[in-house]
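Have the sequence and the picture open as you read.

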Amino acid sequence: MELGLSMFGDLSYNHDTNTFQSAQERIKEILEEIKLADEVGLDVFGIGEHHRPDFAVSSPEIILAAAASMTKQIKLTSSVTVLSSTDPVRTYQNFSSVDLISNGRAEITVGRGSFTESFPLFGYNLGDYNGLFAEKLDLLLAINKNEVITWKGRFRAPLEEQQVLPRATGEGLDIWVAVGGTPQSVMRAGRLGLPLIIAIIGGMPIQFKPFFELYKQEYIKAGHDPAKMRIATHSHGLIGTHGQELADRYFPLYAEQMNRIGKDRGWAPYTKEQFEGGRSRDGALFIGDVNQVVDKILYHQELFGLTRFLLHADVGAPPHKELMTTIELLGTKVAPAVRKALGK
């Protein structure tokens, strides 16, 4: 099982000045964090796309290109690319360029996006939310397989014998599909034989088990090789030496971010009880000491049959120092313990 982490580039908020941390400062921190993730032997790093004042990163591929030049082994992916509101031709070109810079370490994780700011920003209609993703995924997959492409759809100008360059190394880019628990999205990924990552960030993870089973059924029914099946989860987490002390320190930052987003979505205020429930074995949060996180990763691996786990580590903008500690512990303590338990 691959182990790694993902981030969105959350910006810390200064209540005295009513301002967010500068994007420039946070991006510098992110690059230091990716470099450390590579040095401690983690398998993959993902960075997400947002178009809001509380996040630093709007273009994952730019960050990944910078990271490619300072890392050696770690896979570099988006987490996610909002494919519905971008152009698949340009997306492929950008990530194939990252792939060439990194000597074949680039991936794309595509999703429909739980944040919708990119739709009006780039001139797309939210009413076409589902259709846009399906059509653009079809085009991206076609480009990934074919250097010269002829294609026609509803939402983009047709392509007639167009050459898409540069080409990624090997047989093409790994393209993962990220879902939040929509059956149709899970089934589509299975039918297409694409690797699947499910974001489990709340509730009880066991409730997601039917989605994994549905994916496996569709994958096999479509004739894909079960030995090549790849399944992952992405969950919020932070790791420290003393789990409860870390949790008590982190809760105000985490709750503030949940409430900032929840205000736009009509959520009730986030409570300490929710937070602690999420930290329990049956909850979705990986916030605690090394042993707690190891046990929970192994529980999820047994529950879902995971081939990859990503710890999403910067919700609410915990300090850079704590993120560096999390990365170091994930790579030097958690990952070896998980691999040993799995006989790897």
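In this predicted model, start with strand β4, residues 44–47, which pairs with strand β5, residues 75–78. The two run in the parallel sense, and four bridges link them. To get your bearings, look for V44: K75 in β5 stands opposite V44. Now bring in helix α2, made of residues 60–68. Together with β4 and β5, helix α2 builds a β-α-β unit, and that unit is right-handed.

Next come the cis peptide bonds. One of them runs from S79 to V80, with omega near 15 degrees. You'll find V80 in the loop between β5 and β6, the latter covering 81–82. Another cis peptide bond joins L165 and P166, and here omega is about 0 degrees. P166 sits in a loop too, between β9 (159–163) and β10 (174–179).

While you're around β9, have a look at E161, which belongs to that strand. Its phi is near 50 degrees, a positive value in a residue that isn't glycine. Is E161 buried or exposed? E161 has a relative accessible area of 55%, and exposed means over 50%, so E161 counts as exposed.

For the last stop, jump to A317, in the loop between β14 (308–312) and α11 (320–341). A317 isn't glycine either, yet its phi is positive, near 60 degrees. With a relative accessible area of 10%, A317 falls under the 20% cut-off and is therefore buried.

Note on methods:
Residues are numbered from 1 along each chain as its sequence is written. This is a predicted model: local features need pLDDT of at least 70, side-chain atom pairs count only at pLDDT 80 or more; totals for chains, interfaces and linings use all residues. Side-chain values use heavy atoms; hydrogens and water are left out. Two strands pair if DSSP finds at least two bridges between them. A crossover is right-handed if, with the strands pointing away from the viewer, the path from the first strand over the helix to the second runs clockwise. Buried means under 20% relative accessible area, exposed over 50%, partly exposed in between (1.4 Å probe, protein chains only).
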